Amino acid sequence: MDVFGFLNLNELALGLSNLSMFPYFDMAHYIISVMSLREQPGALEVSQRSPFACWFSSMLYCFGGAVLSALMMADAPVAPLSNTTNLLLASLMWYLVFYCPLDAVYSLSSVLPVRLVLTAMKEVTRSWKVLGGVTQAGRKYKDGLFVMIAVGWAKGAGGGLLSNFEQLVRGVWKPETNELLKMSYPTKVTLLGSVLFSLQQCSFLPIQTHQLIFIYTLFIVTNKTRMMLLGSSSYPFSSVESLLYKTLFVRPLTFSPLTDSTPSCNKPNGSASDKPDQTNPKDAENTKKTD
């Protein structure tokens with residue numbers, strides 16, 4: 001884009017696109033993911049009652065996107081766990097967040113400036129996960145736009161999309177929390193990124209990959225930081241989303257009557273509704289007296 005050349009941002013965008021996620025950004029992703037699990041109701045009780053169930057839930061939070069995208073691509077769902085280094089690193093972060101003496105790691109990570117930095121680093125990894133899912137689907141299904149969108153969305157927001165299964169691991173069943181019924185902000189912004197990267201990979205967006213990575217990463221990092229500082233759950237496109245919903249999907253509802261409004265004189269003789277209920281002798285006797 002000419003804007004990148006004018007503002008001398010090409011080198012910065014290239015540097016960001018070549019940035020390695022391991023180990024620091026991955027570590028931040030694991031810490032924030034496990035902290036999100038710990039802050040769920042009943043998670044601490046599960047960590048004391050069944051450490052294995054707690055560890056398994058944490059791995060779903062950390063690697064849920066890779067597992068879900070592997071299932072969609074007909075790959076082995078355990079393939080993301082084949083990287084022993086990442087699995088051990090995620091397990092170490094799980095242990096420190098839940099069982100560190102004096103609760104030091106969780107307490108330190110909960111301090112707002114520290115959490116802001118860790119969350120920003122986690123959002124950076126989101127861009128790479130979405131792009132990785134899109135390119136993974138693009139290699140197998142060339143020009144399969146909707147497949148690329150679905151796989152990129154799954155890889156970037158799989159932890160949220162698998163939330164119901166993760167809750168079952170902890171003995172909780174809340175189907176009303178399904179992300180498809182009520183999407184959270186991370187799920188929505190990941191879907192947006194998947195659409196953009198898929199359009200770019202299919203040459204519908206006149207922009208280079210590293211430039212789109214820079215724009216999308218800058219957007220999600222600054223917006224997430226703003227939301228945490230202001231304590232707000234709104235995002236820039238909430239008004240547009242509400243307008244589209246009310247314009248395209250809201251319509252007046254019509255209800256059919258709950259009772260039959262047909263006059264009784266139109267009923268055929270000897271219908272079931274005209275016959276007394278012979279199973280109740282008192283009703284039958286009352287009916288004869290009335291006649």
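Biologist: In which loop is the place of Asp103?

Modeller: This is a predicted model, and the answer refers to that model. Asp103 has a phi near 55°, a positive value in a residue other than glycine. Its place in the chain is the loop between α6 and α7.

Biologist: Is Asp103 buried, partly exposed or exposed?

Modeller: The relative accessible area of Asp103 is 22%. Buried would require under 20%, and exposed would require over 50%. Asp103 therefore counts as partly exposed.

Biologist: What is the phi of Leu102, and where is the place of Leu102?

Modeller: Leu102 is a residue other than glycine with a positive phi, near 65°. At 85% relative accessibility, Leu102 counts as exposed. Its place is in the loop between α6 and α7 (104–110).

Biologist: How many helices and how many strands does the protein have?

Modeller: Read along the sequence, the pattern is α-α-α-α-α-α-α-α-α-α-α-α-α-α. Of the 291 residues in the protein, buried residues make up 38%. The count is 14 helices and 0 strands.

Biologist: Are α9 and α11 roughly parallel or roughly antiparallel to each other?

Modeller: The axes of helix α9 (residues 145–161) and helix α11 (residues 185–201) come within 8 Å and cross at roughly 150°. The crossing of α9 and α11 is right-handed. Angles over 145 degrees count as roughly antiparallel. The two helices, α9 and α11, are therefore roughly antiparallel.

Biologist: How many aromatic pairs does the count come to?

Modeller: Rings of Phe, Tyr and Trp pair if their centres lie within 6.5 Å. By this rule the total is 11 aromatic pairs.

Biologist: Which kind of aromatic pair do Tyr30 and Phe63 form?

Modeller: Their centres are 5.6 Å apart, with 50° between the planes. The pair links distant parts of the chain, 33 residues apart: Tyr30 lies in helix α3 (residues 24–38) and Phe63 in helix α5 (residues 51–72). Tyr30 is buried at a relative accessible area of 3%, and Phe63 is buried at 9%. The geometry of the Tyr30 and Phe63 pair is tilted.

Biologist: Why is the pair of Phe98 and Tyr99 tilted?

Modeller: Planes under 30 degrees apart count as stacked and over 60 as edge-to-face. The ring centres of Phe98 and Tyr99 are 6.1 Å apart and the planes are at 40°, so the pair is tilted.

Biologist: Which residues do ring pairs link into a cluster with Phe98 and Tyr99?

Modeller: The cluster is held together in this description by ring pairs. Besides Phe98 and Tyr99, its members are Trp94 and Tyr95.

Biologist: Over the face of which residue does Arg38 lie?

Modeller: A charge sits over a ring if CZ of Arg is within 6 Å of the ring centre and within 35 degrees of the ring normal. Arg38 is at 4.0 Å from the ring centre. The ring belongs to Tyr106.

Biologist: How many disulfides does a search of the whole structure find?

Modeller: A disulfide is a covalent bond between the sulfur atoms of two cysteines. Cys62, at 5% relative accessibility, counts as buried, and Cys100 counts as buried at 15%. The number of disulfides found is 0.

Note on methods:
Residues numbered from 1 in each chain as written. Predicted model: local features only at pLDDT ≥ 70, side-chain atom pairs only at ≥ 80, totals over all residues. Heavy atoms only, no water. Disulfide = S-S within 2.5 Å. Buried < 20%, exposed > 50% of the residue type's maximum accessible area, 1.4 Å probe, protein only. Phe/Tyr/Trp six-rings, centres within 6.5 Å; stacked < 30°, edge-to-face > 60°. Helix = DSSP H or I, 4+ residues; strand = E, 2+ residues; numbered from the N terminus. Axes fitted to C-alpha atoms, helices over the stretch in contact; angles between N-to-C directions. Parallel < 35°, antiparallel > 145°, perpendicular 65-115°, else oblique. Left-handed = near helix turned anticlockwise from the far one by under 90°.
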